[in-house]
Amino acid sequence: MTVAGFIADQRTEHGVPHTIACRALGVSESWFYKWRRRPAEPTGREVRRAELAERIRHFFAASGNTYGSPRITLDLWAEGWQVSENTVAKIMAELGLQGRKPPRRRRSLTRQGKRKAAHDLVHRRFDAVAPNVLWVGDMTESTPARASSTWPP
């Protein structure tokens, strides 16, 4: 039994007014009266949305569970559906369908074949034997790092 059915039964079986039952269950009276006026059969919008959800499931399964909302929207447009990409994305989220994300591109500051990497003057040893002997800098520095120097130069 639904909440609205329970509220309606309280009036007929126990004489509890709708206002008190709605307040006790934490729902608004307007919601209850809207539910009571609702037709028994689904509306045209609900029928269209169910058909749309079925077509979205079909295209998603046909793609091997890889297509996202942009591509499925294109397939729906090809079939003659008038639907936005946001609507398709919302329905896919409700159905728990998620397309495969494209692989992330690896970015490197020194691209292969474009520029030589700077010389490793420290030979990957970053432990200095004494203070003020080994100076290194990060890759954002405009001047190259010094392997072994004393301050001031």
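Q: Before we start, what does contact mean here?
A: Contact means heavy atoms within 4.5 Å. The model is predicted, so local features need pLDDT of at least 70 and side-chain atom pairs count only at pLDDT 80 or more, while totals for chains, interfaces and linings use all residues. Residues are numbered from 1 along each chain as its sequence is written, and side-chain values use heavy atoms, with hydrogens and water left out.

Q: Which residues is Met-92 in contact with, leaving aside neighbours within four places in sequence?
A: Met-92 is in contact with Ile-56, Phe-60, Tyr-67, Gly-68, Ser-69, Ile-72 and Leu-97.

Q: And which members of the largest nonpolar core touch the most others?
A: That core has 13 residues, and Leu-52, Ile-56, Ile-72, Leu-76, Val-83, Val-88 and Met-92 touch the most other members. A nonpolar core is a set of buried Ala, Val, Leu, Ile, Met, Phe, Trp, Tyr and Cys residues joined through side-chain atoms within 4.5 Å. Buried means under 20% relative accessible area, with a 1.4 Å probe and protein chains only.

Q: Which helices each supply at least two residues of this core?
A: They are α4 (44–62), α5 (69–79) and α6 (85–95). The largest share, 5 residues, comes from α4.

Q: What lies apart from this core?
A: Another core, of 5 residues, lies apart from it, and Ala-4, Ile-7, Ala-21 and Cys-22 are among its members.

Q: Changing topic, how many helices and strands does the protein chain have?
A: The protein chain has 6 helices and 0 strands. Helices (H or I, at least four residues) and strands (E, at least two) are DSSP runs, numbered from the N terminus.

Q: How much of the protein chain is buried?
A: Buried residues account for 18% of its 153 residues.

Note on methods: Buried means under 20% relative accessible area, exposed over 50%, partly exposed in between (1.4 Å probe, protein chains only).
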